[in-house]
Amino acid sequence: MVKIARKTPSKRQQMLCLIVIGVLGIFAAGFWAGQQQLQQSSDLLVMRVKEQDTERQPKREAVRHSNQAKASPISNSDLNNLNTADDDDDYNNDKICPTLKSQPKCQSGKYDCEWKQGRCQAFPIQVSCGGHFAATCADCPRGNGASWCNGGCTWNVRQRICEAADATYTSTAYHRLVARQDNPFQTVRDEKGQPVNILLVKRPMDGVARQLFERYKNKILFLGISSFEAFPLSSPNPFSANFSNDLYRNLLPGFLTMMKEPQRRAYFEDLPAETFGGTPQTTKTLLLSQSDFNLNDPLRFGRKWEQSLTKKYDFVYSGTDQNVNTDCVGWASFAKNWTFMVEHALEIMCSPEFNLTGVLIANRDKSGQKACRIPKACEGKMVQTKYLPNQTSFFEYTLQSRFMMAPNIYDASPRVVTQSMALNVPVLLNQHILGGWKYLRPGETGEFFRDQHDFRQQLRRIVNGVKRQQQQRDDEDEQQQQQYHPRDYISQHYGDQLAGRKFRQFVVEHFADRVRLPPESKLLLPSGS
């Protein structure tokens with residue numbers, strides 16, 4: 001057996017080993033000390049945040065309890081105390097925007113910038129007129145008077161001019177946000193035209209709008225409103241963007257909705273505890289929507305012209321600038337359920353059994369040359385109009401029709417339904433419609449139909465009903481009661497006075513600690529509704 005001799009390290013090698021061990025020890029000690037210091041800094045930061053929150057909490061709670069007890073709006077000082085969230089409101093867009101070299105940073109919503117022509121530019125701030133924008137409030141009306149003076153402007157009745165609205169009850173953030181032309185937010189004002197610090201989310205928010213919402217949600221009261229397709233649910237419309245049905249669940253503190261029970265409760269209230277960290281916050285809801293408001297014009301028009309405009313058509317159907325160039329296949333046609341009209345309803349309505357005449361609004365392109373395809377049996381019986389830019393023309397066609405045909409399903413706020421009823425014209429309504437179902441009282445404001453299986457039966461019911469009603473008018477028999485009286489019902493249950501009062505009461509009851517209202521006001525109205 002061969003023995004291997006062990007070699008003893010030299011003094012130089014031993015010295016080098018000791019130096020390496022010492023350096024490693026110093027490094028380890030420094031790293032441990034650094035971690036301790038980092039932990040202490042983190043603990044200190046958390047402690048400071050908690051201390052600040054503790055200091056603010058009594059102030060907020062005092063305001064909350066005080067306003068709940070008084071059930072009245074909060075004061076200016078309390079409002080300022082609540083709106084002290086960190087925010088870089090005082091920045092110069094003209095200087096900051098050009099420094100943002102990428103499109104994501106430019107359009108993040110943090111600054112009022114837009115990506116245009118390959119560079120970031122300050123967003124052109126204009127005034128919101130409600131449904132459109134202008135350089136100044138004076139430019140809003142365009143000859144149309146008070147109806148075109150909304151948003152950040154108000155109509156001066158005495159001088160008959162459009163001028164900037166009083167900013168007493170709104171925040172700086174509010175005016176910055178409503179001045180953007182690419183947002184889904186709708187302003188709210190009282191019966192005198194005074195804007196208040198509430199914005200209604202009326203349709204899905206894109207990336208920029210969502211960033212703006214997150215930035216300003218503590219400075220402005222954001223509420224949802226049924227106004228667009230199935231919102232807050234994702235739309236089944238194949239021409240619309242899709243998203244998770246949970247995207248807007250529990251996002252907004254309140255929602256003016258048209259959902260039926262139990263769908264409303266299931267979406268807004270019956271939330272699993274684990275969904276939102278174990279403490280879900282129930283969204284406050286009110287059965288109210290856009291189409292509940294702004295019925296004065298059709299009510300006045302109907303009462304004024306009902307006797308002089310004779311019935312020329314059996315029914316009227318209202319599209320929304322239909323997709324004529326693609327043979328009525330597209331977003332608007334899907335929203336108004338044109339497929340059901342052309343494949344089922346019109347075939348029956350134009351058949352020898354019924355032989356009805358009708359008006360198909362927005363069923364022809366703007367040049368007037370091309371129209372949507374209709375069954376051969378309907379040729380010569382239908383008037384296919386272009387898109388009607390003013391409501392007076394729509395009112396005239398509706399008032400000259402015996403009933404309105406509304407096959408819509410994915411429509412959250414069918415304004416044409418309440419307008420038709422305000423004109424005293426009953427409605428044949430799809431029972432599956434998302435919004436508008438609450439307006440229909442069978443035998444009183446119109447009739448429901450479910451699908452093609454019962455459409456013929458329900459069509460016969462409303463046709464016979466309007467015929468009996470017309471005979472009673474012709475005979476001038478005051479002792480007989482008209483079968484349909486939609487105007488009486490709609491004026492007794494909807495319109496600005498009733499819906500506006502409900503809206504204000506809802507805000508005072510649930511959000512008195514979030515928004516200050518003019519003390520003399522009695523109504524809250526969505527602008528441009």
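1. The model is a predicted one. The count comes to two cavities of 30 Å³ or more.

2. What lines the second largest cavity? Its lining consists of Asn 294, Asp 297, Pro 298, Gln 391 and Gln 419. Sorted by class, that lining has three polar residues, one nonpolar and one charged.

3. On the surface, a nonpolar patch is formed by Phe 239, Val 329 and Trp 331. Together these residues have about 290 Å² of accessible area.

4. Where does Phe 239 sit? It is found in the loop between strand 9 (221-225) and strand 10 (254-257). Its relative accessibility is 47%, so Phe 239 counts as partly exposed. Exposed would need over 50%. Patch residues need over 30% relative accessible area, and Phe 239 has 47%.

5. Turn to Thr 398. This residue is found in helix 11, which covers residues 391-399. Is Thr 398 buried or exposed? Thr 398 is buried, because its relative accessible area is 0%. The cut-off for buried is under 20%.

6. How far apart are Thr 398 and Ile 361 in sequence and in space? In sequence, 37 residues separate Thr 398 from Ile 361. In space, the pair is 9.9 Å apart, C-alpha to C-alpha.

Methods: Residues are numbered from 1 along each chain as its sequence is written. This is a predicted model: local features need pLDDT of at least 70, side-chain atom pairs count only at pLDDT 80 or more; totals for chains, interfaces and linings use all residues. Side-chain values use heavy atoms; hydrogens and water are left out. On a 1 Å grid over the protein atoms alone, a cavity is a set of points where a 1.4 Å probe fits but cannot get out, and a pocket is an open set with protein on both sides within 12 Å along at least five of seven lines; lining residues have an atom within 4 Å of a point. Grid points are joined across faces, edges and corners, and a volume is the space filled by probe spheres set on the points. Ala, Val, Leu, Ile, Met, Phe, Trp, Tyr, Cys and Pro count as nonpolar, Asp, Glu, Lys and Arg as charged, and the others, Gly among them, as polar. Patches are made of residues with over 30% relative accessible area and no salt bridge: like charges are joined within 9 Å, nonpolar side chains (Val, Leu, Ile, Met, Phe, Trp, Tyr) within 5 Å. Accessible areas come from the Shrake-Rupley method with a 1.4 Å probe; for residues, only the protein chains shown count as cover. A salt bridge is a side-chain nitrogen of Lys or Arg within 4 Å of a carboxyl oxygen of Asp or Glu. Helices (H or I, at least four residues) and strands (E, at least two) are DSSP runs, numbered from the N terminus. Buried means under 20% relative accessible area, exposed over 50%, partly exposed in between (1.4 Å probe, protein chains only).
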